[in-house]
Amino acid sequence: MIHHIDCLKFLETTADESFDVCISSPPYNLGINYRQYKDTREDYISWMKEVWYEVCRVLKPNGHLFLNLGYSKDNPFDVFKIAENVPWKLQNNIIWAKSVEVDGKVRGYSTPTTSKRYLQNGWEHLFHFTKDGNTDIDLESSGVPYNTDYNNAERNLKRSGKNWRPTTNCWHITYKSKATKQITKEIAGDKKHPAIYPEKLVEKCIKVSGLKNGIILDPFLGTGTTGLVAKQMNLDFIGIEIDKDYYNFAKNRIESTLC
């Protein structure tokens, strides 16, 4: 279910311990133009503190909060101020690597830069919070298969009884650049949505949480990616979006994809 409302207004009227997992990416406060607003707020840090306080309140005690925040060259420490103000404990500090250099080649997609001072930014923060910092995660669901090219899958299966390796706290998940461009084109008007995270990122977070039956929350739904993946994985979700056009687009995207 999607609600067209300010997220704080919705959260403040929601009962304690209503949701199992929250996966969200708020406006980064970098001056990015969305359809009806520009994400530059003088009270950004205090606003984020209010939002994530309410989110933690409505999450169950064994719940998970995955918070995606972009890096700012102008205010490089803001993300840590926001993370520090989340009332739950930081259990895993994950790097979402969108574009990496491996063996002299760049793999993955990120926004090009023309700067003569800065390297192109190929990663973002993904903070994983739990109430006490010691909530169990699902190592098997979030694990990855052994690389059969190195002939060690069979050996490790005999040795440990497992044909998978635990995931790390650095995930190389790239954009589907063509799909992302197509999604933004479908939103009416000149100002498209500038920051859509990939479905695989949401899927990975859900697998880490181990959630098999429950409700996922996204207080900044945008184009609906969190809700779409939740429904694909047969989970309930609540999405909140203040922009009417994004709300309509997310609703239609989810409903048409799952028909």
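Helix α9 covers residues 244-257, and its 14 residues reach 20 Å from the first C-alpha to the last. That is close to the 20 Å expected at 1.5 Å a residue, where the expected span is 1.5 Å times one less than the number of residues. Helices here are DSSP runs (H or I, at least four residues), as are strands (E, at least two), numbered from the N terminus. The model is predicted: local features need pLDDT of at least 70 and side-chain atom pairs count only at pLDDT 80 or more, while totals for chains, interfaces and linings use all residues. Residues are numbered from 1 along each chain as its sequence is written, and side-chain values use heavy atoms, leaving out hydrogens and water.

**Helix α9**
- Tyr246, Tyr247, Phe249, Ala250, Arg253 and Ile254 of α9 are buried (buried is under 20% relative accessible area, exposed over 50%, partly exposed in between; 1.4 Å probe, protein chains only).
- At the start of α9, the backbone nitrogen of Asp245 lies within 2.9 Å of a side-chain oxygen of Asp243.

**Nonpolar cores**
- A nonpolar core is a set of buried Ala, Val, Leu, Ile, Met, Phe, Trp, Tyr and Cys residues joined through side-chain atoms within 4.5 Å.
- The largest core has 29 residues, and Val51, Trp52, Val55, Leu65 and Leu217 touch the most other members.
- Elements giving two or more residues to this core include α1 (7-12), β3 (59-69) and β12 (236-240), and α2 gives the most, with eight residues.
- A second, separate core of 27 residues includes Ile173, Val208, Phe237 and Tyr247.

**Helices α2 and α3**
- The axes (lines fitted to C-alpha atoms over the stretch in contact, with angles from 0 to 180 degrees between N-to-C directions) come within 9 Å and cross at roughly 35 degrees.
- Tyr44, Ile45, Met48, Lys49 and Trp52 in α2 meet Asp78, Lys81, Ile82 and Asn85 in α3; contact means heavy atoms within 4.5 Å.

- Ser142 belongs to helix α4 (residues 139-142) and is buried, at 2% relative accessible area.
- The side chain of Ser142 reaches the backbone oxygen of Asp138 at 2.7 Å.
- Thr167 sits in the loop between β9 (164-165) and β10 (170-172) and is partly exposed, at 24% relative accessibility.
- Leaving out residues up to four places away in sequence, Thr167 touches Ser142, Gly143 and Lys204.
- The side chains of Thr167 and Lys204 make a polar contact at 3.2 Å (a pair of N or O atoms within 3.5 Å; within protein, one must be able to donate a hydrogen and the other to accept it, and residues adjacent in sequence count only if both atoms are side-chain atoms).
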